[in-house]
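Please keep the sequence and the structure in view while reading.

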Amino acid sequence: MARRRPRWYFSFRSPYSWMAYRDLTDVHKDVADRVDWLPFWEPDEAAARELASGGVELPYVPMSREKHLYILQDVRRLARERGLSLVWPVDREPRWEVSHLAYLVAEELGAGREFVDHVYRARWELGEDISDPEVMARIGDRLGLDRQRLAGACDDPDVRARGMEALNSLYRDGVFGVPFFIDGYEKFWGVDRLPGFVAAVRSRPA
């Protein structure tokens with residue numbers, strides 16, 4: 001059996017995933033070009049029911065106020081270290097499938113990486129609501145993609161089916177948080193584990 005390509009799981013929701021994205025593309029671009037990019041998100045109620053019917057239970061841990069305050073402080077510190085501008089978003093009615101299913105469409109259209117960049121910037125640098133389909137449509141306009149397909153991805157049965165495949169993939173890979181990096185049997189969780197993943201990928205024959 002052929003060895004699977006190295007890969008990383010990312011989430012637009014997670015500030016640590018945003019940090020890992022910036023480190024990966026700003027500092028380790030050669031590795032970013034050699035790995036698969038796979039989305040991670042908390043499924044909506046309909047998707048969660050379908051997953052549960054197949055025996056798939058994805059990890060979800062409610063966040064305490066203390067943990068939220070720590071993450072806010074920690075992320076601001078990490079952003080300063082990287083010289084990044086941070087605007088903390090307010091998630092009034094989060095629908096994480098909106099942006100992550102739109103990513104699957106953008107990837108199909110050959111602009112997955114560019115889409116990721118725009119969504120991370122919208123959420124973490126501009127404070128925009130990425131649960132709003134209109135935000136996806138505007139990103140589509142900037143990238144020259146079909147705005148209706150991006151905005152409507154979360155309601156498209158074919159895209160939702162691909163989303164279920166993606167959620168099943170992270171379950172099979174044992175992913176329990178993001179950013180999450182995998183190279184062969186080696187797994188790395190967290191932005192601080194990125195250097196180890198980078199070293200592992202670079203040790204492979206090109």
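In α1, the residues P15, Y16, S17, W18, M19, A20, Y21, D23, L24 and T25 are buried, where buried means under 20% relative accessible area, exposed over 50% and partly exposed in between, with a 1.4 Å probe and protein chains only. Helix α1 is thus mostly covered, with ten of its twelve residues buried. The structure is a predicted model, in which local features need pLDDT of at least 70 and side-chain atom pairs count only at pLDDT 80 or more, while totals for chains, interfaces and linings use all residues. Residues are numbered from 1 along each chain as its sequence is written, and side-chain values use heavy atoms, with hydrogens and water left out. Helices (H or I, at least four residues) and strands (E, at least two) are DSSP runs, numbered from the N terminus.

The N-terminal end of α1 is capped by S14, which has a side-chain oxygen 3.2 Å from the backbone nitrogen of Y16.

## Aromatic pairs

Rings of Phe, Tyr and Trp (its six-membered ring) pair if their centres lie within 6.5 Å; planes under 30 degrees apart count as stacked, over 60 as edge-to-face and the rest as tilted. By this rule the count comes to 16 aromatic pairs.

W18 belongs to helix α1 (residues 15-26) and W124 to helix α6 (residues 112-125), so their pair ties together parts that are 106 residues apart in sequence. W18 and W124 are buried as well. One aromatic cluster includes W8, F10, F12, Y21, W37 and Y103 among its members.

Helix α6 has 14 residues and reaches 19 Å from its first C-alpha to its last, close to the 20 Å expected at 1.5 Å a residue. Its buried residues are G112, F115, V116, H118, V119, Y120, A122, R123 and W124. Their cover includes β1, α1, β2 (36-39), α5, α7 and α8 (147-151).

H118 has a relative accessible area of 18%. Leaving aside neighbours within four places in sequence, H118 is in contact (heavy atoms within 4.5 Å) with I139, R142 and L143.

S131 is found in the loop between α6 and α7 (133-143) and is buried, with a relative accessible area of 7%. The side chain of S131 reaches the backbone nitrogen of R95 at 2.8 Å. Not counting residues up to four places away in sequence, S131 touches E93, P94, R95, W96 and V98.

Strands β3 (residues 180-183) and β4 (residues 186-189) run antiparallel and are joined by four bridges; two strands pair if DSSP finds at least two bridges between them. F181 has F188 in β4 as its bridge partner. The hairpin has two residues between the strands, and G184 takes a positive phi near 65 degrees there.

Key. A polar contact is a pair of N or O atoms within 3.5 Å; within protein, one must be able to donate a hydrogen and the other to accept it, and residues adjacent in sequence count only if both atoms are side-chain atoms. The expected span of a helix is 1.5 Å times one less than its number of residues.
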